[in-house]
Amino acid sequence: MAAETDSLMAKRPAASETEQMNDPEASEITKRLRLKVDFRLCTIAGLLCSLNLLDSGIISSASVTSMLKDLGLDQGNRYSVSILIFTVASVCFQLPATLAVRIVGPRIFFAVITVAFGLITLCTAFIHTWKEMIVMRVLLGICMSGIYPGLALLISSWYRRDELQLRFAFLQCGEVIILATGGIVNFGLNILDGWGGVKGWQWMFIVQGSVACLIGLATYWWIVDFPENAQESFYFLNEAETKIAVARIQQDRGDVVPTPFAWPEVLKHFLDIKVYGFAATFFLLNLVSTALSYFLPIILQSGMGFSTNQAILLSAPPYYYAVIPVLISSWIGDKYRLRGPVITFNSLCLISGFGMLGFADQVTVRYVGTYLATGAYISNWAALNSYQASNITGQWKRAVTAAAVTACNGLGGVAGSFIVRRAEAPRYPTAVWVSIGSHILIISIVLAFSVYFYTANSKQRKGKKTIERTEGFQYTY
C-alpha cells in the first residue's frame, strides 16, 4: 500500500492539466489563484508567527521595567532560565504538534493554540513570583510548539519551489512589523504604569494577550486548509481553482497526496542526512535571533547608555528596516532560484553587523550594526526555510523536517538566551563572537550542501540517479 501511494505521489499531472497551466488564459487564472492564497494564507500566517516574537517583545520590553524586580527574576540567571524553559517546552512538543496540523487540520489546530496562547499571556499579568513565571513559560512553550513548523508545512504545501522564499518573506515581514509595532505599543503601555493599580509591564501582557485571543477566534475562519482540502476552507477556492492548485504542486514536485499515517513511515525520514544539516543551520541562526529579540532593549540600555523608554523605542526601527532586505533578497532568490548565495550574503551582512556592534567605539555605529544584524538574520530565516522546503518531497517528510528544524531552532534559542551576559556590557564579547562563529558555520554547511546538490543534479540529468524518489526532481541550491 505504501509503495502504491509513493508511486501516486511521484506522478506528474495529466497532459491536459499541464496544457491548461501553460495556456495564457490559465496563466491569468493561476495569478489570481496565487493572489487569493497570498491574501488568505500569508496574512494570517504572518500574524500567527508573530506570536512568538510578540512574546519575546513583551518579555524584552518588560525586562527594562520593574518586572524583573517585582517577580524576583533579577537574581542569578532566573531571567535567562525563564526564556530557556519556554524553548525546552516548545522543543519537546515540536514533532507531535506538527503532525497534528496534518491530522487535525490547520483551522482547528491554529485557532485552538492561538486562543490558548492569548489566555496564558493575559494571565501572566497577574502572577507574583518567578516560579509562577516559569510555569506560565512552560505552558506558552507548549502552545507555541506547532506554530512555526505547522505554518512552514502549510505554506510549503501551497506554493511551487520557485515561489517559496518570497512567501516566507511575506510571513516574516508580518512578524517583524508586529514585533516592531509591539515595541512602540509597549512604550505606550509602560506610560500607563500605576494606572488602575496595574503596573506598566502588566498592561503589556493584558493588552497583547487579549489581542492574541481575538486573532485566534478569527483564525478559524481566516486560515485555509491543505490544497487537496481547499474546498473545506471558509469562502476560499471553488472546485476548478482547487484542481489547478493541486495540479501546480503535483507538477512541481509530485507530493500533494500524503501517504497513510504510520510511525515507521514518518520516522524513517530521520535517516536522511539533509534533515540534520538543515536543522543545524536553524540552530546556528537562532543563536543570534534569540540574543537580539530578547536582549536588544537590554543591550541598548546597559550597553549603549539609553534610558528605559529610549531602549524600548529604539529596539523597534531595526525590525522595520528588516522588511527591506528580506523582501529584496527573497525576490532575487525566487526569481533566479538561488538559495545558497543568498544565505551566504545575508550571513556576511550579519557578521559585519556584529563586528560593528562589538568592536566599534561610537554608539551610532554600534546601533547601525544592530540594523545590519537584524535584517540579515530575518532575511536568512526566509531563505533557510525555502532552502529546506525546496529540497525535500513527501508530506510526512515535510512535517518531520519542519519539526526537526524548528526544534533545533528552539535549541539555538536555549543557547542564545545565555550568550548575552549583563556582566559583559557594553561590548558583550561572548554574544559577538558566538554570533560571528555561528554564521561562518552556516556558510560552511551551505557550501557543502551546494557541492552535494550540484553533483546529485548532474547524475540525475544523466539518468543515473532519481532524487527524493521523484522522477524529474532536481535540488535547488
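This is a predicted model: local features need pLDDT of at least 70, side-chain atom pairs count only at pLDDT 80 or more; totals for chains, interfaces and linings use all residues.
**Reading a helical model: a tutorial**

Biologist: Which helices each supply at least two residues of the nonpolar patch?

Modeller: Helix H6 (94-104), helix H7 (106-124), helix H11 (200-222) and helix H13 (263-267) do. Take one member as a case. Ile103 is placed in helix H6. Is Ile103 buried or exposed? Exposed means over 50% relative accessible area. Ile103 has 55%, so Ile103 counts as exposed.

Biologist: What is the secondary structure of the protein as a whole?

Modeller: The protein has 20 helices and zero strands. Its C-alpha trace spans about 65 × 45 × 45 Å along the principal axes.

Biologist: How does the radius of gyration compare with that of a compact globule?

Modeller: For 477 residues, a compact globule would have a radius of gyration near 23 Å, and the protein has 22 Å, which agrees. Two further totals belong with this: 59% of the 477 residues count as buried, and residues 24 or more positions apart account for 83% of the contacts with a separation of 6 or more. The protein exposes about 18300 Å², of which carbon and sulfur atoms supply 67%.

Biologist: Now a single helix. How is its length to be read, and what span does H16 have?

Modeller: The check is the distance between the end C-alpha atoms against the expected span. Helix H16 covers residues 317-335, and its 19 residues should span 27 Å at 1.5 Å a residue; the end C-alpha atoms are 28 Å apart, which agrees. Helix H5 (residues 78-92) has 15 residues and reaches 21 Å from first C-alpha to last, close to the 21 Å expected.

Biologist: Which residues of these helices are buried?

Modeller: The general idea concerns the helix repeat. An α-helix has 3.6 residues a turn, so residues three or four places apart point the same way. In H16 the buried residues include Tyr319, Ala322, Val323, Val326, Ser329, Ser330 and Gly333. In H5 the buried residues include Tyr79, Ile83, Phe86 and Ser90, and also Ser80, Leu84, Thr87 and Val91. Just after H16, Arg337 takes a positive phi of about 55°.

Biologist: How many salt bridges are there?

Modeller: The count comes to 16. One of them joins Asp38 and Arg167, with the closest N and O atoms 3.0 Å apart. This pair links distant parts of the chain: Asp38 lies in helix H3 (residues 24-62) and Arg167 in helix H10 (residues 164-191), 129 residues apart.

Biologist: Are the two partners buried or exposed?

Modeller: Buried means under 20% relative accessible area. Asp38 has 12%, so Asp38 is buried; Arg167 has 10% and counts as buried.

Biologist: Where do the partners Lys199 and Asp70 lie?

Modeller: Their side chains meet in a salt bridge at 3.1 Å, N to O. Lys199 is in the loop between H10 and H11 and Asp70 is in helix H4 (residues 67-71), so the pair ties together parts 129 residues apart in sequence. Lys199 counts as partly exposed at 34% relative accessibility, and Asp70 is partly exposed at 28%.

Biologist: Which residues are linked in a network of salt bridges?

Modeller: Asp272, Lys274, Lys397 and Glu468 are linked in this way.

Methods:
Residues are numbered from 1 along each chain as its sequence is written. Side-chain values use heavy atoms; hydrogens and water are left out. Helices (H or I, at least four residues) and strands (E, at least two) are DSSP runs, numbered from the N terminus. Buried means under 20% relative accessible area, exposed over 50%, partly exposed in between (1.4 Å probe, protein chains only). The radius of gyration is taken over C-alpha atoms; the globule rule is 2.2 Å times the number of residues to the power 0.38. Contact means heavy atoms within 4.5 Å. Accessible areas come from the Shrake-Rupley method with a 1.4 Å probe; for residues, only the protein chains shown count as cover. A salt bridge is a side-chain nitrogen of Lys or Arg within 4 Å of a carboxyl oxygen of Asp or Glu.
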